[in-house]
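Colleague: Could you take me slowly through one part of this model, the charged side chains that pair with one another and the buried residues beside them? I am new to this, so please go step by step.

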Amino acid sequence: MKKWSGKWRKFATGVLDLPQDLTMEMPRITMIGQLQMYIENHRGVLLFSNQELRLLLTKGQLLVRGENLVIRMILPEEVLLEGIVNQVLFVNE
């Protein structure tokens, strides 16, 4: 069933010209320099400290490392992070 779901999503993306972050359940990340990061389409916060944020994604995890990190806003599928972002990694675990 997952194969059909994935095929339909790819079809909808190509034919209907829909954004991939909506149809493929991929995260959308917007950064303003190193100071601010807005992340959409996550599945939950796994770990947070002033030096690291780890978010669960549909496929894997997103790891953000930095200094003086602060979550300014958190919603079920959105996070606004501020501080000095030094590293952004996708982890396929």
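Predicted model: local features only at pLDDT ≥ 70, side-chain atom pairs only at ≥ 80, totals over all residues.

Modeller: Side chains of opposite charge can pair when their charged atoms come close. With Arg54, the closest N and O atoms of the salt bridge are 4.0 Å apart, while the salt bridge between the side chains of Glu52 and Arg65 has an N to O distance of 3.6 Å. Glu52 belongs to strand E4 (residues 52–56) and Arg65 to strand E5, so this pair ties together parts that are 13 residues apart in sequence. Arg65 itself, at 33% relative accessibility, counts as partly exposed.

Another of the salt bridges joins Glu82 and Arg72, whose closest N and O atoms are 2.7 Å apart. This pair, too, links distant parts of the chain, since Glu82 is in strand E6 (residues 78–91) and Arg72 is in strand E5, 10 residues away. Glu82 counts as partly exposed, with 24% relative accessibility, whereas Arg72, with 53%, counts as exposed.

Strand E5 (residues 61–75) also holds Leu69, which is buried, with a relative accessible area of 3%. When neighbours within four places in sequence are left aside, the residues in contact with Leu69 include both Glu52 and Glu82, and among the others are Phe48, Leu53, Val64, Leu81, Ile84 and Val85. Leu69 and Gln51 are 18 residues apart in sequence, yet their C-alpha atoms are 5.9 Å apart in space.

The other buried residue to look at is His42, which lies in the loop between strand E2 (36–40) and strand E3 (44–48) and has a relative accessibility of 2%. A polar atom of the His42 side chain lies 2.9 Å from the backbone nitrogen of Gly44, and the backbone nitrogen of Glu78 lies 3.3 Å from a polar atom of the His42 side chain. Leaving aside neighbours within four places in sequence, the contacts of His42 include Leu55, Leu56 and Leu57, as well as Leu75, Pro76 and Val79.

Conventions. Residues numbered from 1 in each chain as written. Heavy atoms only, no water. Helix = DSSP H or I, 4+ residues; strand = E, 2+ residues; numbered from the N terminus. Buried < 20%, exposed > 50% of the residue type's maximum accessible area, 1.4 Å probe, protein only. Polar contact = N/O pair within 3.5 Å; in protein donor to acceptor, adjacent residues only side chain to side chain. Contact = heavy atoms within 4.5 Å.
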